[in-house]
Amino acid sequence: MRTYDEHALLAKLELLDRRAKTVFAVSCAQRLFPLFERYAPAVGAPALSERLAEIVAAGWDLAATPMGEVQRMEAEATSMVPDEDDDG
């Protein structure tokens with residue numbers, strides 16, 4: 001039987017690069033998705049499972065995107081944030 005050791009898991013995840021962490025997170029979401037598909041209709045929100053499926057797919061797309069492109073997109077998005085010293 002395996003025991004859940006949160007500290008050990010976090011220590012292992014800390015060693016991973018951003019792409020590997022993204023793959024891990026999306027893998028976890030993918031693994032839990034069938035449970036969410038059962039949950040959403042039970043609480044009267046079946047559209048939520050469709051939206052989560054889109055988000056998981058986007059996570060896989062992001063994980064497959066070359067790191068340089070991700071960094072360029074991040075820099076571009078960051079450049080859109082107004083400087084707190086700008087007027088207006």
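In the predicted model, the buried residues of helix H3 are Ser49, Val56, Gly59 and Ala63. Viewed down the helix axis, these buried residues fall within an arc of 70°, so they line one face of H3. This buried side packs against helix H2, which covers residues 18–42. On the face turned away from it, H3 carries the exposed residues Ala47, Glu50, Asp61 and Ala64. The helix has 18 residues, and the distance from its first C-alpha to its last is 26 Å, close to the 26 Å expected at 1.5 Å a residue.

Ser49 is part of H3, which runs over residues 47–64. The relative accessible area of Ser49 is 11%, and the residue is therefore classed as buried, the cut-off being under 20%. Leaving aside residues up to four places away in sequence, Ser49 touches Phe33, Phe36, Glu37 and Ala40. A polar atom of the Ser49 side chain also lies 2.9 Å from the backbone oxygen of Pro46.

One salt bridge is counted in the model. Arg51 forms a salt bridge with Glu54, with the closest N and O atoms 2.9 Å apart. Both residues belong to H3 and are separated by three residues, about one turn of the helix. An α-helix has 3.6 residues a turn, so residues three or four places apart point the same way. Side chains of opposite charge can pair when their charged atoms come close. Arg51 is partly exposed, at 47% relative accessibility, and Glu54 is likewise partly exposed, at 47%.

Terms used
Residues numbered from 1 in each chain as written. Predicted model: local features only at pLDDT ≥ 70, side-chain atom pairs only at ≥ 80, totals over all residues. Heavy atoms only, no water. Helix = DSSP H or I, 4+ residues; strand = E, 2+ residues; numbered from the N terminus. Buried < 20%, exposed > 50% of the residue type's maximum accessible area, 1.4 Å probe, protein only. Polar contact = N/O pair within 3.5 Å; in protein donor to acceptor, adjacent residues only side chain to side chain. Contact = heavy atoms within 4.5 Å. Salt bridge = Lys/Arg side-chain N within 4 Å of Asp/Glu carboxyl O. Expected span 1.5 Å × (residues − 1). Arc of directions from axis to C-beta.
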